[in-house]
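This report is for a reader meeting the structure for the first time. It takes up domains, strands and salt bridges in turn.

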Amino acid sequence: MNREKWKKHRSEFLNDDCGQNALQLAARGSTIIAEILRLSEHIPLEFIHPEETEYAPLISDFRYFKAQDGFEKRIQDSYELLQKDEVLATTHMELLDRFFKLFRGVYGYVLELNRFIEEIREGMYISQTLESILVNLDGKQLLCEILHLYGVMLLLLDYKIGGKTRENLLVSYIRYKGAGEANMVEVTNLCRATGYEPDQTLPECYPVAYFNRVPIDKEVVGMILGRIRSDDIYQMAYNYPAPEHRSAALALQGAALYVLLFFRPEILHNEGPVMREIVDKHFADNWVINYYMGFTVDLTVAWRNFRAASTAISGTVAIENVTYHLERMQSCMKSLNNSIGEVLREGVLTEQYVLDNIHSSLLPRIREANVVLRWFILHSTRGRPGSRYLEKYRRSYEMIMGSVTEDDIITLLLRTAQLEFTLRAMFTTLLKQKRSKWESSREEGATKMSKLATFFSGEHVLSDNVRDSQLEAWFSEISERIEGLDYTDSITASRKIQKLIKALENVQEFHQIDSNLQVVQFVQDTQFLLRQMIRYINIENKVLITIATVGDLSYAWERVSTHGYFVNAIQMKIKQRPDLAVQMRAVFVKLASMLELPCNRIDQGAQNDARLLAALETTSEYYSGDLVAFARGVLHIIPTSIFDVLREIMEILTNDLRECPTKLLRKEMKNESQLDIRRRLSAHTADIAKYASGILAMESTLVGVIQVDSHQLLEDGIRKELVRQITHELHHSLLFDGNDPISASLFDEELARLARRLNGIRASFEYIQDYVNVHGLCIWLEEFSRIVHFNVEMECNAFMQKKLYPWKSQYQSDSIPIPYFSRSKENSAYSFLGRILQHLLIMTDPMRSVFLSAYGSWYARDGLQEIVGTRTFTSICDAIGSMGLGALDRLMCFVLAKDLQLALKSIRAAIEPVEEEVAKIGRELCPASDTPTNGTQIYLKLMGAVDGGSGVGDSHFAELTKILVRVGRIQLMRTMIASELRSFCKLNSGSLFAALSTANEALLMDLRHHYHNPDSHPIPDEVIAVISPFLDSVGISDALSKVYVTSKPIPSLVFYLLALTLRNVPRMRYDESIASMVPNQPKDLVDPEAFAKGLSLLLKQFHSDQLVLLLNHLSQAVRVYVCAFGQKGSRQQEDILPTEAETLTQVMHTLAASSGFSAMDFHRTVPATLCGTFRLSTQSKKK
């Protein structure tokens, strides 16, 4: 029904201001509850169990307000806590703000509710009083609902967001945002902990004190309770006419009754007769009720501390009462399973059968089946281990659990859902075709009567001897009357049709009619058509409404979705019979009834309110998303079963099945064909096809507001299981024991093992792709890419000020989630990428190895065995592919950025105290083209000044050197990764590499033109942004020239780096035998090549003038050392040139090569004997 038509048919109450305001309140309440459920799924562990996280000293409950100053002082006195506090605030502030808005929304709702009731009492609404509202059908429903929704909000806040959690969230919000928000005190008072803990004994008289934190008009609550006690406010008697179904008919108002009684606790405590009346009417045969959207409560537990209520409900749970109802339900379940099974047999549910039996047998069966399902699902799940119930009623629960099996309940559920689904589909079609079918039957009936009139006229070829003018006239008249029936006047038409049927029955008694079988057949066919016309007239939307109302399954939602009751049993049945997936579609459609309760009032209230229209969309999408996620979870047994079989196939393909030779003798053909193995392979393949066909048989279905396609459901399920298996392999691979010695061979073995496992999964997955109708390679590449990028984001959380929630990652998906694993230790790697990087850094540590530039690899310091080189990254690429290698490169970029920030922070801290003194010494070295005679003394003075500024002597230089060496090592690794990616792309996709190379050169040319003439050549920034990720993924990038951080200029930076270099020069030397720089002594823990690369990258973060200036001062230092060496009176005869000069020259070469500077530019500034073709060794060879 469209909105305008619906508006015409609704009551006058909903059209006036009072009704509109009540609708708005009810809609707002449903929206708030949806937000509670939505946010409760994303509460960070830091606020649930802060003691289990590193942020425990920063998070407190309301005890914070009693010792606020001491708490803040403890944080301010600790630099580490300050850093963590800043990270906590940056990461969670957005979520904290959303939680506070939710809590404030609950408080705002109750304020609006009290204001609305007060306005009614004060007569603000014309012709509307509490009495008149409670007489109106919509009025009493809405007034009951808005109070019920407030109570549900409070209960769900306690159930979904625990009291301690709420306090932690509120205290953190106040600490970071301040207490200046409106109604802050009232909100915190409403949300403070109640003492309720899930699966623990309820606090005394819970939740009366909680409900009374913001008082509600008790007189109004009493009036509503009185109306509920006396009326069927939702008029369910039409849908449940049988008296034994009364508890199901009154379930909706019974749920409201349960909540509203806590606003009037005196009734629960003292008014025994009232409670007996309530229990006898609403809870005579059920004591476990659904109070909202599947959230259930055991009344014996909830009312335990209320004397009158506990006494009243004890009769319901008495053994005699339970035995009576249990026997009735058992017999009904057995008979219904059989009768509905008979009806669902193929060929039974025809249109004729349905129209004849819809009211006599089909709807009564549906009613009875749903009542039985409701009783057993609610009561049989309460006595299970882990459930909370009173010991004295144990026997009642045990009787129910022992009387029925999960299989009985599931069978009845599947059959009832399928019957409802079939009838709903048939009646929906019949309603659309009702008029056309009615008119078709009318035309056919009139035609038959005209033919009989012609037959009795004697003019027919075969009717010469049957001429009867009276019958001719009579049948002509009947034909005209049938043609004169009007569909729009259905009541009159129905009466006329009944008379026509009676007339046709009477006419069959005539001898002329009775003696001719063909005439009798025509008359009977016309009678049948007239009866069909009556049936078509009686097809009404009420049948669909009744099916939807009695078929409501929302009471089971929390039981099956959150607690998983019946899910495993359903999955086992689907695994045994995959075709049951078709019936599960009917169950999911039946579960979609849960959307009716929260969305109905929002839809009615969203007439001219854009906010409620948006709320309707988000609320329906949330519940529909939950429903679809549940459907995916249940049907995920099919992809899981497929992958179970896939493992068998992988084992056969990997270990058992031999490749058939291209040539073989005829007598060897039988042995080589491996028939037994191929038979097993074929059987497994057939099993996979059977599982896939089961889910593909489901047609496209609308679940809530989301269209679910069966093929997409299968593909998503396969993707989800594939992601789970790949993630499991990656997470449990490359685990290195810290106690074992570092070994390159062990690292290679782990990589090879991972490669074999992943390649096995990939090969077997590609083998079955045609049998499940999916694109195997495409799915593999897409999901593997998502996994590695997600792991990079989670790994980089360690370097980010604002942490990224796993569920907020752009690579995470609700339908195909990537499993998230908590870090084992605070500073440990999260994923396989972090473990690979950590292991590479450990293997290339200067304590263990040194990089030899002539060989392009790291070699062990003790045995000169290659540890890490291009071969290593080829092995990594074989294991995790080019996407994994690219992700490792991206992770290295984050590590570089973090290290460079540390380096710059360290430099600033060292320079700031002695900035003027360093600048003064620097002026003595200017200009750099000069060669000061006392240069060595100036250098010593410069290093002493910097040492004094740091306040910690050489340890400052040592720490910065360690950072720069780590940066340089990562830079060298990045160049190797780029080289491997280029090789991999050239080998596997030469055309792509050529296209990207051409595009890169074209963009570089455009950039040169832009810098030459910016006005006529704009920068192609959009194209660069699009193509850069592709260039990085194939290694077309310069790792040595990247800018990672933006920094303000640092005064005297060049002189600081000059002092750092000169301090490290004695720890290095150039080894001519291996043409590389190496540590000078075994105790010197420095990697010269990595140090130079790190220094180069640090200078790349500043203007290029800084690098030129440093190279000039290093050239100056070379000249100073050579001149000082020549002036020495005493030196060994074998010394030709100073070692420091040669080492500095090599550092300059590396800096220039890393930065793209021409070596010839500084060859002119240093002695020719130290560079170029005529370079001399610093020591002569001993004879």
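The C-alpha centres of domain 1 and domain 2 lie 70 Å apart. These belong to a division of the protein chain into domain 1 (11-216), domain 2 (433-540), domain 3 (578-658 + 674-708) and domain 4 (845-1170), with bounds that come from an automatic or database domain assignment. The model is a predicted one, in which local features need pLDDT of at least 70 and side-chain atom pairs count only at pLDDT 80 or more, while totals for chains, interfaces and linings use all residues. Residues are numbered from 1 along each chain as its sequence is written, and side-chain values use heavy atoms, with hydrogens and water left out.

**Strands and hairpins**

Helices (H or I, at least four residues) and strands (E, at least two) are DSSP runs numbered from the N terminus, and two strands pair if DSSP finds at least two bridges between them.

| Strands | Sense and bridges | Residues between the strands | Positive phi |
|---|---|---|---|
| S1 (residues 288-292) and S2 | antiparallel, four bridges | two residues | Met 293, near 50° |
| S5 (residues 849-852) and S6 | antiparallel, four bridges | four residues | Gly 856, near 65° |
| S6 and S7 (residues 866-868) | antiparallel, two bridges | five residues | Leu 864, near 50° |

In a regular strand the side chains alternate between the two faces of the sheet. In strand S2 (residues 295-298), Phe 295 and Val 297 point one way, Thr 296 and Asp 298 point the other way, and all are buried, where buried means under 20% relative accessible area, exposed over 50%, and partly exposed in between (1.4 Å probe, protein chains only). Phe 295 is also the bridge partner of Tyr 292.

Strand S6 (residues 857-860) is likewise covered on both faces, with Ser 857 and Tyr 859 buried on one side and Trp 858 and Ala 860 buried on the other. Ala 860 in S6 stands opposite Ser 849, whereas Trp 858 has Val 868 in S7 as its bridge partner.

**Salt bridges**

Side chains of opposite charge can pair when their charged atoms come close. With a salt bridge taken as a side-chain nitrogen of Lys or Arg within 4 Å of a carboxyl oxygen of Asp or Glu, the count comes to 54 salt bridges.

One of them joins Lys 84 to Glu 54, with the closest N and O atoms 3.8 Å apart. Lys 84 lies in helix H6 (residues 79-121) and Glu 54 in the loop between helix H4 (45-48) and helix H5 (68-76), so the pair ties together parts that are 30 residues apart in sequence. Lys 84, at 15% relative accessibility, counts as buried, while Glu 54, at 32%, counts as partly exposed.

Another salt bridge is formed by Lys 941 and Glu 924, at 3.3 Å from N to O. This pair links distant parts of the chain, since Lys 941 belongs to helix H42 (residues 935-950) and Glu 924 to helix H41 (residues 915-924), 17 residues apart. Lys 941 is partly exposed, with a relative accessible area of 40%, and Glu 924 is partly exposed at 33%.

How are Glu 783 and Arg 786 placed in helix H38 (residues 776-796)? They are three residues apart in that helix, which means that about one helical turn separates them. Their salt bridge has its closest N and O atoms 2.8 Å apart, and both residues are buried. Glu 783 and Arg 786 also belong to a network of salt bridges that links them with Glu 715, Arg 719 and Glu 782.
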